[in-house]
Amino acid sequence: MLDSVLVANRGEIARRVLRTARRMGIRGIAVYSDADADLPYVREADQATRIGPPQPARSYLDAAALIDAARKTKATAVHPGYGFLAENADFARQVIAAGLTWVGPDPDAIEQMGDKIRARNLMEQAGVPVSPGTREPVTDVNAAVTEAERIGYPVMVKAAAGGGGIGMGAASDEAGLRAAFETARSRAERFFGSPEILLERFVERARHVEVQILGLADGRVLALGERDCSVQRRHQKVAEETPSPGVSAGLRAHMLAAAVQAGEAVRYRGAGTVECLVDAEAGSFVFLEMNTRLQVEHPVTELVTGIDLVEQQFRIAAGEPPSFELGATKPAGHALELRVYAEDPVRFLPGPGTITEWAEPAGDDIRVDAGYQAGNTVTPFYDPLLAKLCVHGADRAQALDRAREAVAAFRITGPKTNLAFHADLLTSPEFLSGDYDTSLVSKLRPR
């Protein structure tokens, strides 16, 4: 097993990875910027080292500083968490070249899946369903118009090298396409350093459903169930649940099998996610992208399977078999995750500030993965995620009841939070019915 691990991240995910490392007897090493020196994960680590000022480019995105920190602390492995450099193939290669164990998939798999067009073409070759779209990157708006006419409107416009919904937009005609294309191209260049654009047929009333996969050290790929991530604002997830109330048993079996095919196509190792767009009315799905890392919403899968996914990441990186019996991973019950952000609950604009009160809900089948506590300051330098409130129940009705009670009991004062939004979500007739899609948040919060 690994001797020590440096967690190249911050906040709740660093704290969560360190918790499993401690349980497994692995020395956990935290890194922090000046803005994060007082956060709980820094204090709870076996060792912590400063890597730079608050700006991400000079701290958590500074590969040289992270590898230097690993050397100074005598770490033997690096876990990237999610975000920052977690899906950066060059960073993974630098970690390996430094003689460290990379707790993640092979850099080639990261690179292949990091380009949406390349990933889409590879999945199509592997027999995974994809929507009609461009097979080559588009950088010229007139070429985009020609491609859109071939694909058929409406189309989705997205950065080929990007993620997180940045710059993404839909268009139903040529005028809309021209506007969406210019927005996507400028943001793609600004955020990802590449103007390349992907066009795909837009699936109306789509659900966003993803499958958790695990590529084992012996080469096998497992699918551990799906998560419904359709509750989104600005194409970014706010709440997730498993199993998806909009996926039939037959469709679920098809999706899980396709996710395994996707993992096998890139010889995937470690924890990853195959994201899909589901047309529940047609009973069909198409490949969206593969996330070559641990997902923010991984706790809901852990709650229904009893499998610690971070433990499996460590074991796979060490070349060991999983800690659970293969074939005995059938999910039980229902789980929900609610992302608690420091943001306005109506307009969803970030609201930094100092936390003066922090009281988490507690009880059976309630889990809070938090990055903050009372006295901490939420700064404008990073994503405003404060915590993930997760609940488990014997069925969806019980999970919803527990979620409502937990939201009501969660007390955070200081910065604004979106707890009021979650209270509304959990009483929304459309969400309660299970018959919702990615437009749900816009219906709850019309502009």
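Buried, as used throughout this tour, means a relative accessible area under 20%, exposed means over 50%, and partly exposed lies in between, with a 1.4 Å probe and protein chains only. The model is predicted, so local features need pLDDT of at least 70 and side-chain atom pairs count only at pLDDT 80 or more, while totals for chains, interfaces and linings use all residues. Residues are numbered from 1 along each chain as its sequence is written, and side-chain values use heavy atoms, with hydrogens and water left out.

**First stop: Asn376**

Select Asn376, which lies in the loop between S17 and S18; helices (H or I, at least four residues) and strands (E, at least two) are DSSP runs, numbered from the N terminus. Asn376 is buried, at a relative accessible area of 5%. A polar atom of its side chain lies 2.9 Å from the backbone nitrogen of Gln373, which can be read against the definition of a polar contact (a pair of N or O atoms within 3.5 Å; within protein, one must be able to donate a hydrogen and the other to accept it, and residues adjacent in sequence count only if both atoms are side-chain atoms). Leaving aside residues up to four places away in sequence, Asn376 touches Asp38, Leu39, Pro40, Gly353, Thr354 and Ile355, where contact means heavy atoms within 4.5 Å.

Strands of a sheet pair through backbone hydrogen bonds, either parallel or antiparallel.

S17 and S19 pair in the antiparallel sense over 5 bridges, and Ile366 has Val391 in S19 as its bridge partner. Elsewhere in the sheet, select strand S10 (residues 221-233) and strand S11 (residues 236-242), an antiparallel pair with 4 bridges, and find Val231 opposite Ala239 in S11.

Which residues form one aromatic cluster? Select Tyr60, Phe84, Phe381 and Tyr382. The structure holds 9 aromatic pairs, counted when rings of Phe, Tyr and Trp (its six-membered ring) have centres within 6.5 Å, with planes under 30 degrees apart called stacked, over 60 edge-to-face and the rest tilted. The rings of Tyr60 and Tyr382 are an edge-to-face pair, because their centres are 5.6 Å apart and their planes stand at 80°. Tyr60 lies in the loop between strand S3 (47-52) and helix H3 (63-72), and Tyr382 in the loop between strand S18 (377-378) and strand S19 (385-393), so the pair ties together parts that are 322 residues apart in sequence.

Tyr60 is buried at 0% relative accessible area, and Tyr382 also counts as buried, at 9%. The rings of Phe381 and Tyr382 have centres 6.2 Å apart and planes at 50°, so this pair is tilted; Phe381 itself is partly exposed, at 35%.

Select Arg207, which lies over the face of Tyr436 at 4.3 Å from the ring centre, and then Arg396, which lies over the face of Phe431 at 5.0 Å from the ring centre. A charge sits over a ring here if NZ of Lys or CZ of Arg is within 6 Å of the ring centre and within 35 degrees of the ring normal.

**Last stop: backbone exceptions**

Most residues other than glycine have a negative phi, and most peptide bonds are trans. The peptide bond from Tyr153 to Pro154 is cis, with omega near 0°, and Pro154 is in the loop between helix H7 (141-151) and strand S6 (155-159). Thr242 and Pro243 are likewise joined by a cis peptide bond, with omega about -5°, and Pro243 lies in the loop between S11 and helix H9 (249-265).

Finally, select two residues that have a positive phi without being glycine: Arg267, at about 50°, and Phe348, at about 65°. Arg267 is in the loop between H9 and strand S12 (270-279) and is exposed at 66% relative accessibility. Phe348 lies in the loop between strand S14 (334-341) and strand S15 (353-354) and is buried, at 2%.

Key:
Two strands pair if DSSP finds at least two bridges between them.
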